[in-house]
Amino acid sequence: MKKALLLYGLNCTAAIWKSFLNNMQELETEILTYPHEITMSATEVMDLTKWVWSKVKGRHYDIIIAHSMGGVIALQLAAMGIDCQHLILIETNLRPANPFYRNLMTAEHMIEYDEIKLM
């Protein structure tokens, strides 16, 4: 059985992988949940990458599937030498979003869009 590491984006949770997991029983999957104290104290993505590295260093993955900021973490893990054969990056931006996109999820928008169920 192939082993996969799944990494989600900053404003997401492991729940984004629910539908995916229902259709990928042939994968042995591992999903890391970033601790609140790590996400709150991080000043750059590498801070999260270092935490992930501390959990996965020395393990083998056939594939890392990563969404959004998780894709940046996956690329940083690859640069650090993680034992992985394939990376799949979903909606990963290598450059910071421009101001238009940064403003989409203001506190007011979070209240407005909280009522929309995406899953």
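Buried here means under 20% relative accessible area, exposed means over 50%, and partly exposed lies in between (1.4 Å probe, protein chains only). The model is predicted: local features need pLDDT of at least 70, side-chain atom pairs count only at pLDDT 80 or more, and totals for chains, interfaces and linings use all residues. Residues are numbered from 1 along each chain as its sequence is written, and side-chain values use heavy atoms, with hydrogens and water left out.

**Stop 1: around V72.** V72 sits in helix α4. Helices (H or I, at least four residues) and strands (E, at least two) are DSSP runs, numbered from the N terminus. Show the contacts of V72, where contact means heavy atoms within 4.5 Å. Leaving out residues up to four places away in sequence, V72 touches V45, T92 and N93. V72 and M46 are 26 residues apart in sequence, yet their C-alpha atoms are 8.8 Å apart.

**Stop 2: the whole of α4.** Select residues 69–80, the twelve residues of helix α4. The expected span of a helix is 1.5 Å times one less than its number of residues, so α4 should span 16 Å; its end C-alpha atoms are 17 Å apart, which agrees. Colour its buried residues: M69, G70, G71, V72, I73, A74 and L77. They pack against β1 (2–7), α3 (45–56), β3 (60–67) and β4 (83–90). Step past the end of the helix to G81, whose phi is positive, near 100°.

**Stop 3: the core.** Which residues touch the most other members of the largest nonpolar core? Select L7, Y34, V52, V56, I73 and L77, out of 24 residues in that core. β1, α3, β3 and α4 each supply at least two residues of this core. A nonpolar core is a set of buried Ala, Val, Leu, Ile, Met, Phe, Trp, Tyr and Cys residues joined through side-chain atoms within 4.5 Å. In soluble globular proteins, nonpolar side chains tend to be buried together. Centre on I73. Neighbours within four places in sequence aside, I73 is in contact with L7, Y34, V45, L48, T49 and V52.

Stop 4: Is H67 buried or exposed? H67, in strand β3, is buried, with a relative accessible area of 14%. Beyond residues up to four places away in sequence, H67 touches L7, Y8, G9, C12, I16, W17, I90, E91 and T92. Move to H86 in strand β4. H86 is partly exposed, at 48% relative accessible area.

**Stop 5: the surface.** Select L75, L87, L89 and L94, which make a nonpolar surface patch of about 340 Å². L89 lies in strand β4 and is partly exposed, at 34% relative accessible area.

**Last stop: zoom out.** The chain has six helices and four strands. From the N terminus on, they run β-α-β-α-α-β-α-β-α-α. Of the 119 residues, 29% are buried. Among contacts with a separation of 6 or more, 62% join residues 24 or more positions apart.

How values were computed. Patch = residues over 30% accessible without salt bridge, like charges linked within 9 Å, V, L, I, M, F, W, Y side chains within 5 Å. Areas by Shrake-Rupley, 256 points an atom, 1.4 Å probe, with all protein chains shown as cover. Salt bridge = Lys/Arg side-chain N within 4 Å of Asp/Glu carboxyl O.
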